[in-house]
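Visitor: I would like to learn how to read a model like this one, feature by feature. Please give the general idea each time, then the case at hand.

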Amino acid sequence: MSPKTSTSRGGRSRGAKGRFMESLTPGRVAVIVVAVLALVFILENTAKTKIRLIVPEVIMPLWVALLAMVLIGILCGAYLFRRRR
């Protein structure tokens, strides 16, 4: 048999781990790191704080306010940078 027709282990298809590792680009890794750091920051700030919303003053845990701001930021970013078809 010629080398081209024989089967070898080096030519096998990539598994799920190979596809996962290929999908990890430096940009995606950076986003994951920033998201984890934001989550740690939010969870470390659990004290109650006063927040003024234009007129009313609300007392709530700081992590709730931070999480709300992160979610609003994600929604704004998704709206502004969504891909148009």
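**Reading the model**

Guide: Start with the surface: the largest share of the nonpolar patch, six residues, comes from α2. This is a predicted model, in which local features need pLDDT of at least 70 and side-chain atom pairs count only at pLDDT 80 or more, while totals for chains, interfaces and linings use all residues. Residues are numbered from 1 along each chain as its sequence is written, and side-chain values use heavy atoms, with hydrogens and water left out.

Visitor: How many helices and strands does the protein have?

Guide: Helices (H or I, at least four residues) and strands (E, at least two) are DSSP runs, numbered from the N terminus. The protein has three helices and two strands, in the order α-α-β-β-α from the N terminus on.

Visitor: Which residues form the nonpolar patch?

Guide: Patches are made of residues with over 30% relative accessible area and no salt bridge; like charges are joined within 9 Å, nonpolar side chains (Val, Leu, Ile, Met, Phe, Trp, Tyr) within 5 Å. A salt bridge is a side-chain nitrogen of Lys or Arg within 4 Å of a carboxyl oxygen of Asp or Glu. Accessible areas come from the Shrake-Rupley method with a 1.4 Å probe, and for residues only the protein chains shown count as cover. Here the patch consists of F20, M21, L24, V29, I32, V33, V36, L37 and V40, with about 800 Å² of accessible area together. Both α1 (16–23) and α2 (26–44) supply at least two residues each.

Visitor: How do strands β1 and β2 run, and how many bridges join them?

Guide: Two strands pair if DSSP finds at least two bridges between them. Strand β1 (residues 48–52) and strand β2 (residues 57–61) run antiparallel, joined by five bridges. I51 stands opposite V58 in β2. Four residues lie between the strands of this hairpin, where I54 takes a positive phi near 55°. None of the five residues of β1 is buried, so β1 lies largely in the open.

Visitor: What does M60 touch?

Guide: Contact means heavy atoms within 4.5 Å. Leaving aside residues up to four places away in sequence, M60 touches A47, K48, T49, I51 and A65. M60 is in strand β2 and, at 22% relative accessibility, counts as partly exposed.

Visitor: And which residues does W63 touch?

Guide: W63, in helix α3 (residues 62–81), touches I42, N45 and T46, not counting residues up to four places away in sequence. The C-alpha atoms of W63 and T46 are separated by 5.4 Å, although these residues are 17 apart along the chain.

Methods
Buried means under 20% relative accessible area, exposed over 50%, partly exposed in between (1.4 Å probe, protein chains only).
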